[in-house]
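Student: I have a model open and want to talk it through. Can we begin with the surface?

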Amino acid sequence: MSQNTAPHKPSTSGAWATGGTLFAGVLMLVTGFLDVFQGIAGIAKDDVYTRVGDYVFKFNLTTWGWIHLILGVILAVAGYGILKGAEWGRVTGIALASLNVLLQFLFLPYQPWWALFSMAISVFVIWALATDEAYGRAEKF
C-alpha cells in the first residue's frame, strides 16, 4: 500500500495566471471606471482633449465620449464577473480587452500616453484570462 502522498505543488506559471486573473479583474474594474470618467469629460466638454498630430482616424470628441462611457460600464461589469469567477466574465473580459486595444489605438491622437498604457493593461488582461487553467473551478482556492 505504498501511495504517493506527497502534497501537490502548484506550478509557478499557474500561480502567476491565477494571481494575474484576480489582478485582471481589478484592472478591468478600474479601467472601466476611468473610461466612464473619460467618457463623461468628452461628452460634457467637447474641447477637453486636444489632437496631437494629424491621423487618418478622426472622430468627434462627443462620439468618443459616448464610446468610452458605454465601454467603461461594460468593462466594469465584466471585471466584476471576473472577480466572481463567472465563465461569462472570462470570455467577455477577453473580448472587451481586445476591443479596448483597438479603440485605444484609435484614440491615440487625443491621449497618446493614456492610450498606450491602457493598451498594455488590456494585453495583460488578455494573457491572464487566457492562461488561467483553473478559472471558474471551485477547487481553485
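Student: Which residues make the nonpolar surface patch?

Tutor: This is a predicted model. In it, Leu22, Phe23, Val26, Val30, Phe33, Leu34, Phe37, Ile40 and Leu83 make a nonpolar surface patch of about 830 Å².

Student: Which helix gives the largest share of that patch?

Tutor: Helix α1, residues 12-44, with 8 residues of the patch.

Student: Take Leu34. Where is it found?

Tutor: Leu34 is in helix α1, and it is also one of the patch residues.

Student: How exposed is Leu34?

Tutor: Its relative accessible area is 37%, so Leu34 counts as partly exposed. That class lies between buried, under 20%, and exposed, over 50%.

Student: Different topic. How many helices and strands does the chain have?

Tutor: The protein chain has 4 helices and 0 strands. Along the sequence the pattern reads α-α-α-α.

Student: And what share of the chain is buried?

Tutor: Buried residues account for 37% of the 141 residues in the protein chain.

Student: Now the packing. How do the axes of α2 and α3 cross?

Tutor: The axis of helix α2, residues 61-84, comes within 9 Å of the α3 axis, and the two cross at roughly 155°. Because angles over 145 degrees count as roughly antiparallel, α2 is roughly antiparallel to α3.

Student: Is that crossing left-handed or right-handed?

Tutor: The crossing of α2 and α3 is left-handed.

Student: What about α3 and α4, how do their axes cross?

Tutor: Helix α4 covers residues 112-131; its axis and that of α3 come within 9 Å and cross at roughly 155°. That makes α3 roughly antiparallel to α4.

Student: Left-handed or right-handed there?

Tutor: α3 passes α4 in a left-handed crossing.

Student: Let's look at one residue in α3. Where is Ala95?

Tutor: Ala95 is found in helix α3, which runs over residues 87-106.

Methods. Residues are numbered from 1 along each chain as its sequence is written. This is a predicted model: local features need pLDDT of at least 70, side-chain atom pairs count only at pLDDT 80 or more; totals for chains, interfaces and linings use all residues. Side-chain values use heavy atoms; hydrogens and water are left out. Patches are made of residues with over 30% relative accessible area and no salt bridge: like charges are joined within 9 Å, nonpolar side chains (Val, Leu, Ile, Met, Phe, Trp, Tyr) within 5 Å. Accessible areas come from the Shrake-Rupley method with a 1.4 Å probe; for residues, only the protein chains shown count as cover. A salt bridge is a side-chain nitrogen of Lys or Arg within 4 Å of a carboxyl oxygen of Asp or Glu. Buried means under 20% relative accessible area, exposed over 50%, partly exposed in between (1.4 Å probe, protein chains only). Axes are lines fitted to C-alpha atoms, for helices over the stretch in contact, and angles run from 0 to 180 degrees between N-to-C directions. Angles under 35 degrees count as roughly parallel, over 145 as roughly antiparallel, 65 to 115 as roughly perpendicular and the rest as oblique. A crossing is left-handed if the near helix is turned anticlockwise from the far one by less than a right angle, and right-handed if clockwise.
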